[in-house]
Amino acid sequence: MDIKLDPSRDDLPLMANTSHILVKHYVLDLDVDFESQIIDGTLVLFLESGNRFRKKSGSTEEACRSESNEACRFRKPEPCHVPVADTRTSWSQMGYSDFAICGKGERDTSGKDGNHDNQEQTYGISSSKHCCDTGNHGSEDFLLVLDCCDLSVLRVEEVDVAAVPGIEKFTRSPKLTVVSELRNQIVRELVTLPADRWREQLDYYARCSLAPGCGELLFDTDTWSLQIRKTGAQTATAFPHAIRIRYRTKPQGRSVTWTSDQSGRPCVYTMGSPINNRALFPCQEPPVAMSTWQATVRAAASFVVLMSGENSAKPTQLREGCSSWHYYVTMPMPASTFTIAVGPWTEVKPETCSPSDLAAERSLSPSEADFRCAGVCGHMEYPCRFQDPSATTQEIIPHRVFAPESLAGACQETLLQLLSPCLSAAHAVLGTHPFSRLDVLIVPANFPSLGMASPHIVFLSQSTLAGGSHLCGTRLCHEIAHAWFGLAIGARDWTEEWLSEGFATHLEDVFWAKAQQLAPHEAQEQQELRASLRWRRLQDESRNSPEQLQVLRPNKEKTGHVSDSGSSVIKHGLNPEKVFMQVHYLKGYFLLRFLARRLGDDTYFSFLRKFVHTFHGQLILSQDFLQMLLESIPEEKRLGLSVESIFRDWLERPGLPQPLQTERQAGAECGLARQVGAEVAKWKRVNRRPRKRKRRGTEEAFEKVRHRWCELVVKHKYTTAYKTVERFLQEDQAMGIYLYGELMVSEDARQQQLARQCFQLTKEQMDRCSAQVVAEMLF
């Protein structure tokens, strides 16, 4: 099914047929080439099928009748010649050590465009051609549909896991005579190993990923998917459960950003947005496709490879000038959370180690703990930190900071000092850290937001460093909060972003107040001031943004619904305006604040810890949270509150929720807000006085609040400081997009020229969505 969409305005399709078959584990083996700006290598998928993934009455043929499952009708390919090759030789050239893929066979030398010299027909590279077309295929073969975009797929083959030495332990029925059934049984046994055998499981995943191929599979690609089938395999159960995909990314792929760091050296990172990771590797993107992964990445020895992984990987030298890095994850997560960053990063270390740092370093990671799964968790089985007594009391998890060399000093002064108190504060509020460690990376200037959280790693914009400890601390607290809400607990329907961003925004204030060790009245004053600022921001956004983008639950009663195959769409997922809107943050924040006040802070946060313990490792919808919360509110305090009324007033309407408007009108202004108002009035009076001479220190003072200062420069046409605006637009791209709007709205010719000049200087390095939105403003 080749869906043609306007990539600037439409819904994002999730094509994978997760109702029929699920990827349980990915093994990636990749090379990063900065000269060609390509990541290439192999991906091995370990699959699980079964009745629980399919409709009870739905056969493959019935599912194919569904309008949303047209991908099941595999178009008949044109014949092509396949040269005889010994695939066993090419795959066995890979080395193996410590369940890592540490070596590689001959390197593919094809060009950037994905063409394999004269072998395009052989491998069906990014076209609608197929390999191995040697006979009559029929029309009922099962199709594995993966989400895939902007990739060159070179070859797909079944993996002969039965050839792995020692694999006999996974053959429960040695009398099986059909070898394909034997292979699938091995994979079924492997993916269902109990949690306390996680190390053995990873070891065999790695060994199986190196096994020889045993037959190429037919595949087809279209705009949004990769479709794979095996002739004669008519059900998901009969489809190969271990397959290998040889592929490469494209320089322009939307999941991978090639750029330079602040020191001018090349680097690459993945955003997982707006199309998630489908341009990094073929995968199942729907959130229900929870999987584990392990990855080996090779790059020049001068680069550091950071990744969402439970282990703090160290480089292994393969040959002169080339190193290999290996990471793994044992907690099943959506593929969209996989993150990688490769660059000449410098690790920023503390000048002296505090006792808390030493305690964190000595503590065991959950991967090393003796897990005894007692069945107290509601998620699928994995080595869970919530069942590990040493993890539950660990206030500060091991952490590292990486940055471009030019920003290492700023990180040491600001960021490094904040990590321990922010982590400790988060633990005090929510309890057990869901992940065993944390890396924080200051990403390049073209990173389009202030931060992004992934398992075991957080990206922060360099803009957070310029704001001193307050801006850096609050943003760090926001991203740390995502470990619980957004990662350990995810939304089953990605249109319900408030379940991630609303919670993180609400919790950042609470974490930050604890990290600063504020007295209760000081914390309340600070939080009230921030609520006032957010209220103004929400009012502005409600007035100036499309109504359809202001709804937090746009699918209403169909939220969480998918087609028979498991495919669905993310409403407005490809709309670049949505990326820069804050309505999910702000309305979600005010809803949680409203509920916390109704319940009382102590009771609310006690409930939140209970909710985390109940739902960690799982996917939720809004009603899961709201129903459990309302059950905790005494009847006399509910005052008409219900899941339906909250949906109606807060989540399913654009604009400002009526309960929030009522609360803001009735609420008294806090003391800090009054102080700010008095300060503003004072400066207005000062500004009206005649000035005899310019004061050189003015610009330097305002530099501490750079974005607001630039807004004032634009508003008052202060031409002397236009260089400051120009520098801000180049160095602080995460915040600068709003400033472009200010420059254009002014209708001042010089300011508009400044905006266009800055855009010309930075557009090649800008994030694609940011560049598109700015271009629409300017031209």
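Let's start with Arg534: at 4% relative accessibility, this arginine counts as buried, where buried means under 20% relative accessible area, exposed over 50%, and partly exposed in between, with a 1.4 Å probe and protein chains only. What does the side chain of Arg534 meet in a salt bridge? The partner is Glu508, at 3.2 Å, N to O. I'm calling something a salt bridge when a side-chain nitrogen of Lys or Arg sits within 4 Å of a carboxyl oxygen of Asp or Glu. Glu508 is buried as well, with a relative accessible area of 8%. Glu508 is in helix H11 and Arg534 in helix H12, residues 520–544, so this pair ties together parts 26 residues apart in sequence.

Quick housekeeping. This is a predicted model, so local features need pLDDT of at least 70 and side-chain atom pairs count only at pLDDT 80 or more, while totals for chains, interfaces and linings use all residues. Residues are numbered from 1 along each chain as its sequence is written, and side-chain values use heavy atoms, with hydrogens and water left out. Helices (H or I, at least four residues) and strands (E, at least two) are DSSP runs, numbered from the N terminus.

Okay, back to the charges. A search of the whole structure turns up 32 salt bridges. Take Arg183 and Asp160: their closest N and O atoms are 3.0 Å apart. That one links distant parts of the chain, with Arg183 in helix H4 (residues 179–191) and Asp160 in the loop between strand S5 (151–159) and H4, 23 residues apart. Both Arg183 and Asp160 are buried.

Then there's Glu497 with Lys578, whose side chains meet at 2.0 Å, N to O. Here the partners are 81 residues apart: Glu497 is in the loop between strand S22 (489–491) and helix H11 (498–515), and Lys578 is in helix H13, residues 576–579.

Now the greasy part. The largest nonpolar core has 152 residues, and Ile228 and Phe625 have the most contacts inside it. By nonpolar core I mean a set of buried Ala, Val, Leu, Ile, Met, Phe, Trp, Tyr and Cys residues joined through side-chain atoms within 4.5 Å. Helix H8, residues 408–430, gives this core its largest share, twelve residues. There's also a second, separate core of 28 residues, including Trp709, Phe728, Leu729 and Leu778.

Last, the whole chain. We have 26 helices and 24 strands, and 59% of the 779 residues are buried. Among contacts between residues at least 6 apart in sequence, 76% join residues at least 24 apart.

Conventions:
Contact means heavy atoms within 4.5 Å.
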